[in-house]
Amino acid sequence: MLDLSNVAENDKVADLGTGDGRIAIAFAKKGALVDGFELDEKLVSKSQKNVIKEKVEEKVTILKENFWDVDLSSYDIITIYPMPDIMLNLEEKLEKELKRGARVLLNYYPFLNWKYITLKDNIYFYVK
C-alpha cells in the first residue's frame with residue numbers, strides 16, 4: 001500500500017476499519033497524518049497501544065467511529081480492507097466525498113465501476 005500510494009510527508013490518510021493499527025502506523029512512519037476508524041472497542045484499544053508502542057502517537061489518531069458517518073473530503077489517501085457486500089455503497093460514498101486526486105487503496109475487492117490504476121499483490125490502487 002505504501003509503495004502504490006506515493007505517500008508524502010503530511011498527506012492526510014483515513015484508514016477505514018483500522019483493526020490493530022498496522023496500516024495506520026506504517027503510513028505514519030512515512031510522515032503521513034493518519035486517522036484510523038474502528039468500531040470494535042477491543043481493536044481500538046489494541047491499535048492505540050500499538051501506536052504508542054511504535055512512537056507515532058503525534059501522527060496517528062484512532063477513533064471509535066463509524067466511517068460511514070464521517071466526511072472523508074479532506075483526506076488525500078483512503079485505505080480499507082473491504083468486504084464484498086459494501087463495495088457499491090463505499091464506491092458511491094467516496095465518489096461523492098473525495099476531492100479530485102485523492103488516492104484509494106483496497107485490499108482484494110475492487111470497485112465495480114471505477115477503473116483501477118494499478119493492481120499489485122491483491123491491492124487495487126485508484127485515483128479519483
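Tutor: A residue is called buried when its relative accessible area is under 20%, exposed when it is over 50%, and partly exposed in between, with a 1.4 Å probe and protein chains only as cover. The structure above is a predicted model, in which local features need pLDDT of at least 70 and side-chain atom pairs count only at pLDDT 80 or more, whereas totals for chains, interfaces and linings use all residues. Residues are numbered from 1 along each chain as its sequence is written, and side-chain values use heavy atoms, with hydrogens and water left out.

Student: Why is tyrosine 116 called partly exposed?

Tutor: The relative accessible area of tyrosine 116 is 36%, a value between the limits of 20% and 50%, so the middle class applies.

Student: Is tyrosine 124 buried or exposed, and on what value?

Tutor: Tyrosine 124 is at 13% relative accessibility, which is under 20%, and therefore counts as buried.

Student: What makes tyrosine 116 and tyrosine 124 an aromatic pair, and of which kind?

Tutor: Rings of Phe, Tyr and Trp (its six-membered ring) pair if their centres lie within 6.5 Å; planes under 30 degrees apart count as stacked, over 60 as edge-to-face and the rest as tilted. The centres of tyrosine 116 and tyrosine 124 are 5.2 Å apart and their planes stand at 75 degrees, so the two form an edge-to-face pair. The count of aromatic pairs under this rule is eight, and ring pairs join Phe111, Trp114, Tyr116, Tyr124 and Tyr126 into a cluster.

Student: How do you know that the charge of lysine 12 sits over the ring of tyrosine 75?

Tutor: The criterion asks for NZ of Lys or CZ of Arg within 6 Å of the ring centre and within 35 degrees of the ring normal. The charged end of lysine 12 is 4.7 Å from the centre of the tyrosine 75 ring and is assigned as sitting over that ring.

Student: What is the order of the secondary structure elements?

Tutor: Helices (H or I, at least four residues) and strands (E, at least two) are DSSP runs, numbered from the N terminus. The protein has four helices and seven strands, in the order α-β-α-β-α-β-β-α-β-β-β.

Student: Why is the protein called as compact as a globular protein of its length?

Tutor: The radius of gyration is taken over C-alpha atoms, and the globule rule is 2.2 Å times the number of residues to the power 0.38. The protein has a radius of 14 Å, close to the 14 Å that the rule gives for 128 residues, so the description holds. Of these 128 residues, 46% count as buried.

Student: What makes the buried residues of helix 2 one face?

Tutor: In helix 2 (residues 22–29), the buried residues are Ala24, Ile25, Phe27 and Ala28. Seen down the axis, they fall within an arc of 165 degrees (the arc of the directions from the helix axis to the C-beta atoms), so they line one face of the helix. An α-helix has 3.6 residues a turn, so residues three or four places apart point the same way. The face of helix 2 turned away from the buried side carries the exposed residues Arg22 and Lys29.

Student: Which residues of helix 4 are buried, and what do they pack against?

Tutor: In helix 4 (residues 87–97), Met87, Leu90, Glu91, Lys93 and Leu94 are buried. Their arc around the axis is only 165 degrees, which puts them on the same side of helix 4. They pack against strand 1 (12–16), strand 4 (77–80) and strand 5 (103–107), where contact means heavy atoms within 4.5 Å.

Student: Why does valine 13 count as buried?

Tutor: Valine 13 is at 1% relative accessibility, under the 20% limit, and so counts as buried. Valine 13 lies in strand 1, and, with residues up to four places away in sequence left out, it touches Phe27, Ala32, Leu33, Val34, Asp35, Tyr75, Ile77 and Thr79. Valine 13 and isoleucine 78 are 65 residues apart in sequence, with a C-alpha to C-alpha distance of 5.8 Å.

Student: Are asparagine 6 and aspartate 121 buried or exposed?

Tutor: Asparagine 6 is at 58% relative accessibility and aspartate 121 at 65%; each value is over 50%, so both are exposed. Asparagine 6 lies in the loop between helix 1 (2–5) and strand 1, and aspartate 121 in the loop between strand 6 (118–120) and strand 7 (123–127). Although neither is a glycine, asparagine 6 has a positive phi of about 55 degrees and aspartate 121 one of about 50 degrees.
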